[in-house]
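Me: I'm new to this one and would like to learn how to read it. Could you take me through a few features, one at a time?

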Amino acid sequence: MSELDPTLDPVLDDEVLERAHRRRLARSTAVFGAATGVSRVLGLVREIFAASAFGAAGKVNAFTVAFQIPNLVRALVADTALSGAFVPVFSELLERGERMRAWRVASTIFWLVLLFTTALTAVFVLIAPLVVELFGTPGGDAALAVGLSRVLFPIVVMLGLSGIVVGILNAYDQFTVPALTPVAWNLVIIVGLVLGVPAAGGEDAKLYVYAGSIVVATLVQLLMPVPWLRGLDGRLRIALDWRDPAVRRFFVLLLPVTLTLGLINISTLIGTLFASRLIDPELAPRAIDLAFRLYMLPQGIFSVAVATVLFPTLSRLAARGDLAGFGRTVDTGVRQIGFLLVPAGLVSAVLAEPITRLLYQRGEFTPDQTPVVAGALAAFSVGLVFNGWMLLLNRAFYGLQQNWVPTLVALGNLVLNVALFVALYRVGVWGLPLAVSLSNLAGALALAVLMWRRVTHLDTRTTLGALARIVVASVAAAGLAVLVWWALDAALGRSLGGQIVSVGTALAVGTGVYLGACRLLGVRELGSLLELRRRA
């Protein structure tokens, strides 16, 4: 036998397994990222149709507020909150070989979530007028906001159940189908905007059709991954074994996760309150929301993909007590998110106005609304990478089952965010997104320091060196991108074709310069992507 036969050398065997695991994670991240990328692009198409149909001013601001109310409740008790508490508990039971118990616990949580979210939805449907009253008269029509919020509230139940289904699939390292469900969600809404909205009579009716499309799309999102549960080694059934210690452990973990996500979303809701009451109730809420949708495009494609794929691995490593592997995985995630989001944030900041003009300025979206949305987008972009790091580090603490750490950081962030809202809302609409970005910076720094204190196996020097090289390459890319856009914009004008060429070429040049600079500077994350491309 060869001297390098890994079966004879446990050290080599561990190294081979570690490399194989990293390759599998890289492939999973790429597949999840591609699926999420398709979803985000379709989400952008959805927002383009919505902006053309409703613009950024007027009654559509009532819809924006109406949607944010159930969205806050959803963030508190459904979707990501449930997955963040469910995956560590479910993964730990599977890791210990307690498969039947794991599925009994999953079934119990499924039915408890159904009962609780249904009751909660009924309560909020009743008190919707009192909640909307806090925002004054969004869009100049509070009654419309109340009606729309009542139509939208059932999504809380559906997303609560979806969080459990997706959590089960993720615990089995199945990410593709969950990543494709938002694709279907966006397609259903686009069909509603293209076919249903134009057929409706009057702006109120059109907004109700838009809201109804979201409800139908969320039902599709819930049902689509269910068939893939059949291929696993267990199934959901009727069970209410709430005395099981694992069920109690789930709720113990859920409380800080809920508070963390709740504090983040309460901050967003307070920002909407500032926008609606203190800036411009018929423009500011929708302008910030449209900018946020663009800001979330790279966030959703990259950082959500990295954090979602790494989360089950982090949970398993923590359950085994393998803090060295845990630290390496966190380092990998931080560098990957930095590699992807630092350039994305800088480029979207310097090209905010041409991007906004190209994507939104048509139909009811008038030229005077473009600078308002673009300013908000540039301010959001400042904090893009910090938001991505917060997402990853929150998941890392959830994997350690130290869920109160992100909660305390989120509480501090909320206080800072509100203080910054007070200080910056006077500068205009863009002041509120800038406050969010500064808070994200502070939150990411706090989480990083707290993680470094708890996990001593982090390679901080290597990570900081890589990030410094990434920043240098990103500055070069953003500078050349804006110069290329300026030259082409002056030469071609602002017809649709001219804008596509100028913005598209600027983005392509920026991407090429960034990748070339990363190669010259020896950024390892580029090598990982090139290796993945060769294997594909």
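Me: Let's start with Arg-293: buried, partly exposed or exposed?

Reply: The general idea is a cut-off on relative accessible area: buried means under 20%, exposed over 50%, and partly exposed in between (1.4 Å probe, protein chains only). Arg-293 counts as partly exposed because its relative accessibility is 26%. Keep in mind that this is a predicted model, where local features need pLDDT of at least 70, side-chain atom pairs count only at pLDDT 80 or more, and totals for chains, interfaces and linings use all residues. Residues are numbered from 1 along each chain as its sequence is written, and side-chain values use heavy atoms, with hydrogens and water left out.

Me: Which residue does Arg-293 meet in a salt bridge?

Reply: Side chains of opposite charge can pair when their charged atoms come close. The rule here asks for a side-chain nitrogen of Lys or Arg within 4 Å of a carboxyl oxygen of Asp or Glu. Arg-293 pairs with Asp-289, at 3.4 Å from N to O. The two are separated by about one helical turn because they sit four residues apart in helix α10 (residues 284–320). Helices, by the way, are DSSP runs (H or I, at least four residues; strands are E, at least two), numbered from the N terminus.

Me: And Asp-289, buried or exposed?

Reply: Asp-289 counts as buried, since its relative accessibility is 10%.

Me: Where do Glu-353 and Arg-357 lie?

Reply: Both are in helix α12 (residues 352–360), four residues apart, or about one turn of the helix. Glu-353 is partly exposed at 34%, whereas Arg-357 is buried at 9%.

Me: Which residues are linked in a network of salt bridges?

Reply: Glu-92, Arg-96, Glu-98, Arg-101, Arg-104 and Asp-244 are.

Me: Now pockets. What is the volume of the second largest pocket?

Reply: Picture a 1 Å grid over the protein atoms alone: a pocket is an open set of points with protein on both sides within 12 Å along at least five of seven lines, and lining residues have an atom within 4 Å of a point. Points are joined across faces, edges and corners, and the volume is the space filled by probe spheres set on them. For the second largest pocket, that gives about 820 Å³. It has 28 lining residues, and the closest to its centre are Pro-298, Phe-302, Ala-344, Leu-507 and Thr-511.

Me: Which helix gives the most to that lining?

Reply: α18 does, with eight residues. Helices that each supply at least two include α10, α11 (323–350) and α18 (496–521). The lining divides into 24 nonpolar, four polar and no charged residues, where Ala, Val, Leu, Ile, Met, Phe, Trp, Tyr, Cys and Pro count as nonpolar, Asp, Glu, Lys and Arg as charged, and the others, Gly among them, as polar.

Conventions. On a 1 Å grid over the protein atoms alone, a cavity is a set of points where a 1.4 Å probe fits but cannot get out, and a pocket is an open set with protein on both sides within 12 Å along at least five of seven lines; lining residues have an atom within 4 Å of a point.
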